[in-house]
Structure formats: C-alpha cells, structure tokens
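Please look over the structure shown here. A short report on selected local features comes after it.

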Amino acid sequence: MGPWLAGAMADLPREGKLARSPDFTQLIDMASESVGGKILFATDDFFAPAENLIKSDSPRRGDDEYTEFGKWADGWETRRRRAPGHDWCVIKLGVQGTIRGFDVDISYFPGDYAPRISIQAANLEEGKEPEIPQRGVRMGVAATPEELEAVAELRSSDWDLLVPMTELKPEKPASSHNYFPVNSQQKWTHVRLNMFPDGGIARLRVYGVGHKDWTAADPKEPLDLVAMAYGGACVGFSNAHFGHPNKMIGVGPPRSAADGWETARRPDRPPVLELNGDGELLIPGCEWAVFRLAHPGVITQIEVDTTYFKGNSPASCSLDGCILTTQEEEDMIRQKWDLPGHRWKALLPVTQLSPHRSHVLDSLTLELQDVVTHARLTICPDGGVSRLRLKGFPSSICLLRPRDKPMMRFSVKAGFRSNL
C-alpha cells in the first residue's frame, strides 16, 4: 500500500456502516456548482451543455423527452464528431485543494457515452486566468473562434495528467460510475476533462480536501476550523448508517436530510423509555465522530445544526478537543479512538438539542492557550446532525507540516502537550 493510499484510508476509517463505494467519495465534490464550480469552456454542447456535469443532484432518465436538437440528456453530450480532434471541457473548481479521486458517471448514457476519457489538472495563480467569453445558456452549438482563441492561452493540453486515457465501462443503466483514485498531494484549481472522441457523460465528481492560505487570514476574524473546504476531515466515527460525518463539515447550508451525518437507531435502547429524578430520559449509549481540524487552533464558538432532522434529531450532544501528533492520530485510528479520557478537554458540556434548528453555543475555552488539533462530537443516543461549525482562531503554536508530507500533518512543539 502506497503512502498516499494509507493516508487517504486514515482520513476515512471503515468502522462505520457505509455503502461500498471508494472512501474518497465521502470527501467534498470540489467541482460541484453547489460550491462554486464553473464550466469555463467546452468544445461542443450540441445535445446537452457541459454545465450538467457539475450539477449537485444525481442524473435522471429522460426516455420520452426531446428538444429541437434531439433526445434530451441529463449530462454533457456532444454531437457525433465528423471532424479531426476530440471533445473536451475546462472546469474551474469551486473549492481549490488536493484531489483524492474522480467519479466519471455515465448513468443513462447506454448508447451515447464517451468510450474513453482522460483528466488533466492545473494550479493557476489567482487573477492570471485569461478572459474567456461568458457561456450563457447553451445547446445546439460548438465553441466559437473567439472562445477557442481565449482558452488557448490556458495551454490546457500541457496540464498535468491525473487520469491517463482510459476506457469507460457502463454498468447498471441508472448507476454507471467509473472511479479513479489520484496519487497527488498538490493543490489544484482547474481540471480539463477529455472525451475520446465524443459522446456523453452525466456527471464529473472531483473529490478532495480543500486548501486554505492561513497566512492570509484576518487574525481578528474567527474561522470555521473544521470546514472541509479548508482541509478538515473526519478521522473516526462509531456509526454512519445513513450519512457520513464529513457531510456535516461541507460547504454552505444543508440541502436535505441526506446532506448530514445520521446514525442507525441504537439496538440497545430500552423497550420502554423512562425519566430520571431530574426529568431527563434514561437512554444508554451514544454515537461519536472525531475530526482533524483544518489547522490547530482555539475553538470559541460551536454550531450544531439539526435542520431537516425533525423526527430523528439527537436528544443531546457534547464536544471535546485534544491535541495529537500525527503518529498518535494513526495509533488512535487503529485503536478505533480508544483515547484515554484525560486527554480530552471539554469544549461543550452535555447540551440538549431541538429538532430542525441551528444551535449556536459558546465554547468552554477560557484562554487562547487552549489549542486543539482534533475535536470529538458526541450525540446521545443517536440520530442526525446536518452541520457542525467550529469557529475560532488558528494557532501559530502548532503548524501544519509541508504539503508534500501527507502523513505528517501536524508538528507539536516539545512540552506543549503537557500543558493540556
């Protein structure tokens, strides 16, 4: 097992109950329109525009739907090429960062899918992108000479090749996913999808972890230290039957109950629920998820959002933090986070939760020395949470190691941990 794959699996442990798709599909789709992804250019949009590639929803069937150009398709579909060359498009990622894998989805394209693809990527400096004409709403058209001239300045044919030319394989008509893991630790801002020579692709998912320039952050403005768009990741959980915990740290507000972490109902719940002397329900057990912060820091405000979880929100939650070296994190993943209790620092006491509501709570952090690298959300006894935001300030005491050392995420100064 290579070092990148080991690191990726460490980011996404398997002890929970998940669908059997690659681990990287639980990360953020950095190209999705929902996070600001944008199609900059496509050679052809005759039957269906390239913008469909980055829709956030799943593709749907359109058996009996037709447009003036032919059969309607929920994806990007080019005309049957009758000239030299092949079709391709350029996507500006809404979240810039490290790409861990691609999903080239050809669902509902049984007779029109692109037979082969390749994928390239580039890291373009902000503001250096050439002026490419706005695409607008497109169908039945090919790229204009002006668009071709503008996009030529990107020299995208020379970009790094992340997926070499590969044949696509159709599977079930409604679920034809082609997954491609990526072994790269670089930051990427743009991708180029090549289809050889033409055809249709329903969706392109670009899964990865965001990257933030922390040196440019305003020291007076609290930031969401656990956001996946900045590099936060779930590194352990007890159960994820209906939704992975990484969904809680996604971009923007939740879109539905599917856009959050939801556990199965605990089988050890009592047959008849009772109250204790304080009027609280006597329900044993709990579920938990542990996150590596995007950057070590001090958490000052906690948001636990149960929006859309109306009949299945947890009764209560709590939050704890700790500081770990990379080796300690790897040990804890192998031990399923059996970390000694004294290592955890309480950031939020047991707090009652209400259904379908955002709860904004102050952290118990009393001074700026209370730096943590990891946070554990515990819900009692089970249920769903749509968003978790841990706002605070990045610390200069603990610094991220260089990006080219993915297995060495954090460096802790000697003697600092003993103060916690």
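This is a predicted model: local features need pLDDT of at least 70, side-chain atom pairs count only at pLDDT 80 or more; totals for chains, interfaces and linings use all residues.

His190 sits in strand β10, which spans residues 188–196. Its relative accessibility is 2%. The cut-off for buried is under 20%, so His190 counts as buried. Its side chain makes a polar contact with the side chain of Thr189, at 2.7 Å. Beyond four places in sequence, His190 is in contact with residues from several parts of the chain numbering. Among them are Leu40, Ile91, Lys92 and Leu93. Gln120, Ala121, Ala122 and Leu124 are also in contact with His190. Glu129 and Trp159 complete the list.

**Strand β12 and its partners**

Strand β12 covers residues 203–210. Eight of its eight residues are buried, so β12 is largely enclosed by the rest of the structure. Strand β1, residues 28–29, runs antiparallel to β12 and is joined to it by two bridges. Here Asp29 has Tyr207 as its bridge partner. Strand β6, residues 87–105, also pairs with β12 in the antiparallel sense, over eight bridges. In that strand pairing, Phe102 stands opposite Val206 of β12. In a regular strand the side chains alternate between the two faces of the sheet.

**Loop residues**

Glu153 is found in the loop between α2 (145–151) and β8 (160–167). The C-alpha atoms of Glu153 and Ile132 are separated by 9.5 Å. Along the chain these two residues are 21 residues apart.

Leu275 lies in the loop between β15 (261–262) and β16 (287–305). Leu275 belongs to a nonpolar surface patch with Leu273 and Leu281. Together the three leucines have about 290 Å² of accessible area.

The table sets out the accessibility of three residues discussed above.

| Residue | Relative accessibility | Class |
|---|---|---|
| His190 | 2% | buried |
| Glu153 | 58% | exposed |
| Leu275 | 54% | exposed |

**Helix α3**

Which residues of helix α3 are buried? In this helix, residues 326–334, they are Thr326, Glu328, Glu329, Glu330, Met332 and Ile333. An α-helix has 3.6 residues a turn, so residues three or four places apart point the same way. Just after α3, Lys336 takes a positive phi of about 55°.

Notes. Residues are numbered from 1 along each chain as its sequence is written. Side-chain values use heavy atoms; hydrogens and water are left out. Helices (H or I, at least four residues) and strands (E, at least two) are DSSP runs, numbered from the N terminus. Buried means under 20% relative accessible area, exposed over 50%, partly exposed in between (1.4 Å probe, protein chains only). A polar contact is a pair of N or O atoms within 3.5 Å; within protein, one must be able to donate a hydrogen and the other to accept it, and residues adjacent in sequence count only if both atoms are side-chain atoms. Contact means heavy atoms within 4.5 Å. Two strands pair if DSSP finds at least two bridges between them. Patches are made of residues with over 30% relative accessible area and no salt bridge: like charges are joined within 9 Å, nonpolar side chains (Val, Leu, Ile, Met, Phe, Trp, Tyr) within 5 Å. Accessible areas come from the Shrake-Rupley method with a 1.4 Å probe; for residues, only the protein chains shown count as cover. A salt bridge is a side-chain nitrogen of Lys or Arg within 4 Å of a carboxyl oxygen of Asp or Glu.
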